[in-house]
Amino acid sequence: MAMVWKASSQLLTFASSRANFAARTKLKLNLHLRCCSTSSSASASASATATTSDRRRRSASSSNTSDRESVRAIRLKKVEELRQKGYEPYAYKWERTHNAREIQENYSHLENGEVLTGVFISLAGRIIARRAFGKLVFLTLRDDSGPIQLYCEKENLSEDQFDKLKSFVDIGDILGANGSIKKTEKGELSIFVKQFEILTKSLLPLPDKYHGLTDIDKRYRQRYIDMIANPEVADVFRIRAKIVSEIRKTMESFGFIEVETPVLQGSAGGAEARPFVTYHNSLGRDLYLRIATELHLKRMLVGGLEKVYEIGRIFRNEGISTRHNPEFTSIEMYEAYSDYESMMNLAEEIVTQCAMSIHGKLQVDYQGTEISLGRPWRRETMHSLVKQETGIDFPVFGDDIQAAKQAAIEYFRAKNNNNIAVLETCPSVGHLLSEVFETFVEPTLIQPTFVLDYPIEISPLAKPHRRSKGLTERFELFICGREIGNAFSELTDPIDQRSRFEDQIKQHNAKRAALGNDSISNNEEKEKAKNNNNDDEYSYEVTLDEDFITSLEYGMPPASGMGLGIDRLVMLLTDSASIRDVIAFPILKAQQ
């Protein structure tokens, strides 16, 4: 392999060690040491680059690993030398008087070349750039608030300090520095460093300054590097924290109290989703990570709390996409003596308050589309939206599932959509309506829209509509073609609730049998079906939460409830295309 190095005392030492290593291992190693900028050396460098470019492309990963390990070895040696000189490269503490933003705000008025010697400044942060000019070294330090330049002049530092700076400080190190304020002749506000200390010695090199960290998978897998290389990423998580804080303020202003409910549950209820299953050794039983907080929050209403909410993690063992992560954050809220109209008003209030807090206005840009959050938002029934988009008037079919299927299949084919098998498995007209809505209507709902009055077959926890038979008092909120919230007038009749749960279990088991492996006799075909995940959607078991039914039999007051997806709300307000961009550490495939 060929490597071109600029000569320095350290790199010459490194080259010598690599040559000795090559001799011991009989490895062919060509080291080109470029000691000047003559035309001959430039020509040799260009030739070496040309002859190895293809090889480098083929072995980029191994080359990067080799370079990284070389840098690590050099920096480990620096750690050892620092300790030999009596310096601890991993400090306990550093007293700060300012952060970078405060310095920029308070002293930007200085004239070029002006020095404030009577001001003492102490700050700390990561070194992200370094330039040395003989007796002068410029460092760029970045803390949580932003960057600031360190002006390190040999005459202003002790001999020992300046040598330590030039020999031991690398890009990526975390430094503490103190001194006075200086604005350079070129107008760069700087810390005129009097004394510094290496607080944390970085062993690994940061991503290239000019190209940054562009590997998407690595950005998500090693978010800490992503945040160092791309400071704007950290801003997304600051905004996320502000949104969560604003949601809490809004809920508290309406008199809601925050409660906590179990993450580990005896049965997975409150939604129709495949759960994660774990085993409790002491209890000798399976437990499930919650797929919703709903059923326990409703128990709180039974117990006498009238306005409750919970912000927490939800876990669903399902697919991963730009809109879905197996664990996500939601807020669920329940209010006694109200109906789903109240939840529409609350949804508008929460989202608009968050938008005003972040942007100061109700018009936000999302992926090139302007979204208007000005109230009131559009309200349409699911039936009317499907009819507007497809021309299919589902109410005319009544309970005639075959006629409804035929109409839906014909429309799918007219739109060159071949996902007919999904329609064939729909057990009711309500399920068909939902499939058509999700396929053709949902992507068109760009501006905020409340979709009202869902079929009873797909809404087992919602109260029957007081005016329309076969429907429920339920809405979903859509913005930018994706669901943001889901709400009901809550079902409080324990007999009706038990019947709906039982119907839901029967329908699930029927689909499980139809799409599962029960009809496959050949073991090889069973394994193939398992590997293809053909039955993943319904392969889990659904059980009836008897304790929840018992709580309803003690009596739950009339109530409404709503769940809002916080991750998707953050996506909207930060103009993030993928849910992975707003979750600090998203679930990813295992590295090979």
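Let's start with helix 18, residues 566–574: nine of its nine residues are buried, so the rest of the structure largely encloses it. Buried here means under 20% relative accessible area with a 1.4 Å probe, protein chains only. This is a predicted model, where local features need pLDDT of at least 70, side-chain atom pairs count only at pLDDT 80 or more, and totals for chains, interfaces and linings use all residues. Residues are numbered from 1 along each chain as its sequence is written, and side-chain values use heavy atoms, leaving out hydrogens and water.

The buried set in helix 18 includes charged names such as D567 and R568.

Helix 10 has 20 residues and spans 28 Å from first C-alpha to last, close to the 28 Å expected at 1.5 Å a residue. Among its buried residues are Y340, M343, E348, E349 and C354.

Now, a helix pair. How do helix 15 and helix 17 pack? Helix 15 (residues 494–515) and helix 17 (residues 546–554) pack at about 160°, with axes 9 Å apart. They are therefore roughly antiparallel, the word used for angles over 145 degrees. Their crossing is right-handed.

Who touches whom? On the helix 15 side we have P494, Q497, R498 and F501, and they meet E546, F548, I549, L552 and E553 of helix 17, contact being heavy atoms within 4.5 Å. By class, that contact has five nonpolar, one polar and three charged residues.

Definitions and conventions
Axes fitted to C-alpha atoms, helices over the stretch in contact; angles between N-to-C directions. Helix = DSSP H or I, 4+ residues; strand = E, 2+ residues; numbered from the N terminus. Parallel < 35°, antiparallel > 145°, perpendicular 65-115°, else oblique. Left-handed = near helix turned anticlockwise from the far one by under 90°. Expected span 1.5 Å × (residues − 1). Buried < 20%, exposed > 50% of the residue type's maximum accessible area, 1.4 Å probe, protein only.
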